[in-house]
Amino acid sequence: MTDKFAVFKNLLSHLILILAAIVLVFPFIWMLSGSFKDSLEVVRMPPNLIPETFLFSNYVEITKYFPIYRFLGNSVFVAIVTTLAQMAACAMGAFVFAKIQFRGRETLFGLYLITMMIPMQVTLTPLFIVFQKLNLINTYPGLILPGIFSAYGTFLLRQHMMTIPDPLIEAARMDGASYARVFAQIIIPLSKPALATLSIFAFMASWNNFLWPLIATSDKELMTLPIGLSKLTGRWATEWNILMAGNVISFVPIFIVFLFASRYFIKGMTMSGVKG
Amino acid sequence: MVGQKRLSKAVVILGFLFPSLAGLLLFQLIPMLSSAVISFTDWDLLTKARFVGLDNYREALQDEQTLTSMLNILKYIAGYLPSVLALGLLFAVLLNRKLRGVQFYRIAIFIPVITSWVAVSIIWRWLLNGQSGLVNYVLSLVGVQGPVWLQDFFWAMPAIIAVSVWKDLGYVTIILLAGLQDISDDYYEAATIDGAGGFQKFWRVTLPLLTPSLFFVLVISLINGFQLFDQVLVMTNGGPAGSTSTLVQQIYENAFQSYKMGFASAQSWILFVIILIVTIIQQQLQKRWVTYDR
């Protein structure tokens, strides 16, 4: 292989990647640009990328019809509580599956894994009926509870906790530490990277969750951003500037989380590949 | 004393397992079994449920809308799967080369992945709009009159496929990239010694050793494909004339708009069984083409 050929190959790689990056990222730039235009400029042909004047009024006007900042608050609250609760439930379960022997453990864990195959749609109808009977529809617990159990999260943390050396735990047990103490003072501190990965993953899943909140909320006061936005499209089918402002509001928080923690995002994604 | 110790260990285990076990039972297993029971009934939530045996299943398998939606899903998978795999493989290979700015490309390719389907669908509804859409504007620059994508009976599904590939590409790429990085350099060195060229190395070393990752992506993509819903609901709502309707959308409409709980549950079980069968077939077939290194 000659040097000339390598240079050419690198150039071609960059060219393809730059083209791909433009196709993948430009729609978001277009969204941002559209959110600052007025209703005429946003549909004008030929289109212009930089708005003539940056209008922030779309971000205010949108609240006249839809309490978008309420949706934002709901999304933040639901995502944070779901993430924390999911981390706690998964970590506790994973600890048992990784470090405490008992009869039937592997069978039980197998049962956890099987649920990864159950499509949400199968559990949807009964869940809705039960939640309705318990008056949990249009409440925060109703939005949060079904998101707490995660077979994937339990699996991810278990895989990590299994790498923690047993002698460490045995020594602590010898010294009279309870399992609760071993969990809090050895397992949790040593599982921080895996917990970070799970937290990011759980936050994103909750932030973008659509099907369950769509069914569990009909009251505007309780809607999360994806549900609110999907209702918004029904009413303002072509008010692109308003719609894009709503989109930007839903995009920016998850984008910021991603920028600060892209490492964990990618780790969470690739870890999900382990289960195959 | 020993008995007491055993008892306290059981209490500890139960205590730690309680949150996730409760979730598993209350939100997965019990609803799943209930849904199986409901699927044998005729129930609108208001009146008492009536046992109808297999009627719902019989009806669903003869229902034109259900069958159309299944056919639509097959079309979707036929278009989506090869595209996302081929492009994902291409970008994984490119990102695996030691290029400058790889970190930037990796972030760029990931942005659609982290965005919600609703936001992505709304952006693309605009981009694909017949009059004010950027896609048709760009096409007009090269003299092509674009269709009204999402309102066009023929083009709506290809548009949904393209947007889905666009959104999921980063995910597939990252999984395949992790697979590529797991391949030991020894294999490539051995191949070089044996006189293999670049193409041969890719065909004889990279691809076979990447098959576990490819297999995983295939399984996940198929499962997700059968559950196609979010993007369809926001972009086309199943239209025009049912050309993009999907099984999950049918389930959603039957259960939560028409309150046909029994029928919707039967449809969801049909979906589950299809996914189960497809996954089992893949597990069986994997022995023929997936190479495990370890």
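Select residues 73-95, 107-128, 209-229 and 261-281 of chain B, which UniProt, in an unreviewed entry, places under the feature "transmembrane region". What you have on screen is a predicted model, and for chain B the average pLDDT is 91, with 99% of the residues scoring at least 70. The model as a whole scores ipTM 0.90 and pTM 0.91.

Keep the span 73-95 of chain B highlighted: the chain there is 100% helix and 0% strand, and the end C-alpha atoms are 31 Å apart. Moving on to residues 107-128 of chain B, you find a span that is 86% helix and 0% strand, with end C-alpha atoms 25 Å apart.

Now widen the selection to residues 70-282 of chain B, the range that UniProt lists, again in an unreviewed entry, for "domain: ABC transmembrane type-1". This span is 76% helix and 0% strand, and its end C-alpha atoms lie 19 Å apart.

Within chain B, go next to Gly239(B) and Pro240(B), which are joined by a cis peptide bond with omega about -10°.

Select helix H11 (residues 247-256) and helix H12 (residues 261-289) of chain B, whose axes are 8 Å apart and which pack at an angle of about 160°. H11(B) and H12(B) are therefore roughly antiparallel to each other, and H11(B) passes H12(B) in a left-handed crossing. To see the contact itself, show the side chains of Leu247(B), Gln250(B), Ile251(B), Asn254(B) and Ala255(B) in H11(B), which meet Met261(B), Phe263(B), Ala264(B), Gln267(B), Ser268(B) and Leu271(B) in H12(B). Coloured by class, the residues of this contact divide into 7 nonpolar, 4 polar and no charged.

Bring chain A into view and ask how many residues each chain gives to the contact between them. Chain B contributes 68 residues and chain A contributes 69. On the side of chain B that touches chain A, the largest share, 15 residues, comes from helix H1 (residues 2-38) of chain B. By class, that side of chain B has 53 nonpolar, 13 polar and 2 charged residues.

For one helix pair that spans the two chains, select helix H13 (residues 240-271) of chain A together with helix H5 (residues 117-127) of chain B, whose axes come within 10 Å and cross at roughly 150°. That angle makes H13(A) roughly antiparallel to H5(B), and H13(A) passes H5(B) in a left-handed crossing. Here Trp240(A), Leu243(A), Asn247(A), Ser250(A) and Phe251(A) in H13(A) meet Ala119(B), Ile122(B), Ile123(B) and Trp126(B) in H5(B). The contact of H13(A) with H5(B) has 7 nonpolar, 2 polar and no charged residues.

Begin with residues 12-32 of chain A, a span that is 100% helix and 0% strand, with end C-alpha atoms 30 Å apart. Further along, centre on the peptide bond from Met45(A) to Pro46(A), which is cis, with omega near -5°. Pro46(A) is found in the loop between helix H1 (3-34) and helix H2 (57-65) of chain A.

Continue to residues 137-157 of chain A, where the chain is 57% helix and 0% strand and the end C-alpha atoms are 31 Å apart. Pick out Asn138(A), which has a positive phi of about 60° although it is not a glycine; Asn138(A) sits in the loop between helix H5 (120-133) and helix H6 (140-144) of chain A.

For the last stop, select helix H7 (residues 151-161) and helix H10 (residues 192-208) of chain A, whose axes come within 9 Å and cross at roughly 165°. How are these two helices, H7(A) and H10(A), oriented to each other? H7(A) and H10(A) are therefore roughly antiparallel, and their crossing is right-handed. Gly153(A), Leu156(A), Leu157(A) and His160(A) in H7(A) meet Ala194(A), Thr197(A), Leu198(A) and Ala202(A) in H10(A). The residues of this contact divide into 5 nonpolar, 3 polar and no charged.

Conventions:
Residues are numbered from 1 along each chain as its sequence is written. Chains are lettered from A and ligands numbered from 1 in the order in which they are written. This is a predicted model: local features need pLDDT of at least 70, side-chain atom pairs count only at pLDDT 80 or more; totals for chains, interfaces and linings use all residues. Helices (H or I, at least four residues) and strands (E, at least two) are DSSP runs, numbered from the N terminus. Two residues are in contact if their C-beta atoms, placed from the backbone, lie within 7 Å. Ala, Val, Leu, Ile, Met, Phe, Trp, Tyr, Cys and Pro count as nonpolar, Asp, Glu, Lys and Arg as charged, and the others, Gly among them, as polar. Axes are lines fitted to C-alpha atoms, for helices over the stretch in contact, and angles run from 0 to 180 degrees between N-to-C directions. Angles under 35 degrees count as roughly parallel, over 145 as roughly antiparallel, 65 to 115 as roughly perpendicular and the rest as oblique. A crossing is left-handed if the near helix is turned anticlockwise from the far one by less than a right angle, and right-handed if clockwise. pLDDT is the predictor's confidence in each residue, from 0 to 100. UniProt positions are given in the numbering used here, feature names are shortened, and annotations may be inferred rather than shown by experiment.
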